[in-house]
Amino acid sequence: MKAGKVKRKTLVAREDLVDRLSEVAKQRGYSLYAMVNEVLELAVKAEETGVDLKRVVEERDILEAAREAGFILGLESLWYEMAELAYEKARSRALKSWFEAGVWLAKRYATGEVEDAFAAFKKDLEAFTWNALEFTIEKAGEKVSVRIISPRFTESYTVLFTSLLEGALDTFGYKIANKEISRGAIRLEALQGGS
Amino acid sequence: MTQPKGKKLVYVPEDLLEEVAKASRGRGETISKFVEEALRQAVRVNKAGYDPQQLAEYFEVMQAQRVLGGAFVPLEVLNYLTNKTCREEKEQLSAKWYESGKWHGKYLKEKFENPTQAFKAFLEASRWDLNEVEIKKEGEKVKVRCVSTVLTAEATELLAKFIEGAMHSIGYKTVKSEYVKGMIVLELSEGF
């Protein structure tokens, strides 16, 4: 008997979910038993590292969205050091490059088919900037406020990242009305049309 | 045995059930709720076109990034930074990428039974500017081949250094290293 080696027990689960998972298993050439095991093993593993499975799935979605938005994932210390070098050597070119990246990013949403381009941009950028301790973009009427706190940002990275935000806000039609930046802290206020 | 309406029984190995019970207790949830959420996410994952195994690989990548300090940067910006800094500070930059690779390799060696496979999964999941990633083990040798249609010559060279650093930490030494714009071919052997 095949199952003799592994002691099995039963679990009660919602019928509709089991049926749907059973269909998925069939499509993938798995048995329901193997599929359920794989899913539960992953859920337990995630839990052991302090993350729930829902979050794992959401993070997968973030990776996918970042890929589509043209972002690369790498070690932040490396990005900071490269930003330092570039900023030191050619400040205005570096700023322009980050500003243009912000323009490109915002255009991707503005020209896409999403219903609320700014909301989609905000959601994704907040997710991509997971290395920041705090990152909020708030829109109220004609005003947008951005606040970032990240003690790990270097001074030049802070300035360059601000430039990216300015490029994106500009593309959405917002003009900077107030800007406060210091190492690891960005606070921007922008108004629609710059009025 | 009576079953509640709208419920089904599923079989799971006894040891896994114990782990599920432990994890659900840790969350302050019932086993049923924990299992229900896991199954719901599995269905969601399938709708997005991938399976739990792929999700597990992504999870490992994200976990490594959390530990090592990963951050997203626009590819255009990366290319600019690479081209700008690489021309003027080539050696310094190459050393930094190599060191970063070494850090990464060390982590993978500590955490994974098959660090080479984990590194391949990492490259595939995070470096989507690569069209192909191949890491093939042949006896005591490993061949690494990466192809990209968008990488600049400078970015290719830096990525090659990163890969070498990671593979050295995993325990390989470079036998042959070739890179041209958009293509990296490394041959390594055990015993670094």
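This is a predicted model: local features need pLDDT of at least 70, side-chain atom pairs count only at pLDDT 80 or more; totals for chains, interfaces and linings use all residues.
**α5(A) against α4(B).** I started with α5 (91-110) of chain A and helix α4 (residues 75-88) of chain B, whose axes come within 9 Å and cross at roughly 160°. Helices here are DSSP runs of H or I with at least four residues, strands are runs of E with at least two, and both are numbered from the N terminus. Axes are lines fitted to C-alpha atoms, for helices over the stretch in contact, and angles run from 0 to 180 degrees between N-to-C directions. α5(A) and α4(B) are therefore roughly antiparallel; angles over 145 degrees get that label, under 35 is roughly parallel, 65 to 115 roughly perpendicular, and the rest oblique. The crossing of α5(A) past α4(B) is right-handed, meaning that the near helix is turned clockwise from the far one by less than a right angle, with anticlockwise giving left-handed.

I then listed who touches whom: α5(A) brings Arg93(A), Ala94(A), Ser97(A), Trp98(A), Ala101(A) and Trp104(A), while α4(B) brings Glu76(B), Val77(B), Tyr80(B) and Lys84(B). Contact means C-beta atoms, placed from the backbone, within 7 Å. Six of these residues are nonpolar, one is polar and three are charged. Nonpolar covers Ala, Val, Leu, Ile, Met, Phe, Trp, Tyr, Cys and Pro, charged covers Asp, Glu, Lys and Arg, and the others, Gly among them, are polar.

Residues are numbered from 1 along each chain as its sequence is written, with chains lettered from A and ligands numbered from 1 in the order written.

**The whole A-B contact.** I wrote down 65 residues from chain A and 67 residues from chain B. On the chain A side, α2(A) gives the most, with 13 residues. That side divides into 39 nonpolar, eight polar and 18 charged.

**α2(A) against α1(B).** I found α2(A) packed on helix α1 (residues 14-27) of chain B at about 40°, axes 10 Å apart. That makes α2(A) oblique to α1(B). This crossing is left-handed. The residues involved include Leu40(A) and Val44(A) of α2(A), and Leu16(B) and Val20(B) of α1(B). The contact counts six nonpolar, two polar and four charged residues.

I saw β1(A) running antiparallel to strand β1 (residues 7-13) of chain B, joined by seven bridges. Strands pair if DSSP finds at least two bridges between them. Leu11(A) has Val10(B) as its bridge partner.

**The sheet in chain A.** I looked up the strand order and got β3-β4-β6-β5, an open, antiparallel sheet of four strands. β3 (134-140) and β5 (174-182) are at the edges with a single partner strand each, so one side of each has no neighbour in the sheet. The average twist from one strand to the next is 10°. β5(A) pairs with strand β6 (residues 185-192) over eight bridges, and Lys175(A) stands opposite Leu191(A). Helix α7 (residues 155-171) lies across β4, β5 and β6 of chain A, at about 170° to β5(A).

**Domains.** Last, I checked the bounds, which come from an automatic or database domain assignment. Chain A has domain 1 (2-51) and domain 2 (72-192), with C-alpha centres 42 Å apart. Chain B has domain 1 (14-47) and domain 2 (69-190), with C-alpha centres 36 Å apart.

Terms used
Two residues are in contact if their C-beta atoms, placed from the backbone, lie within 7 Å.
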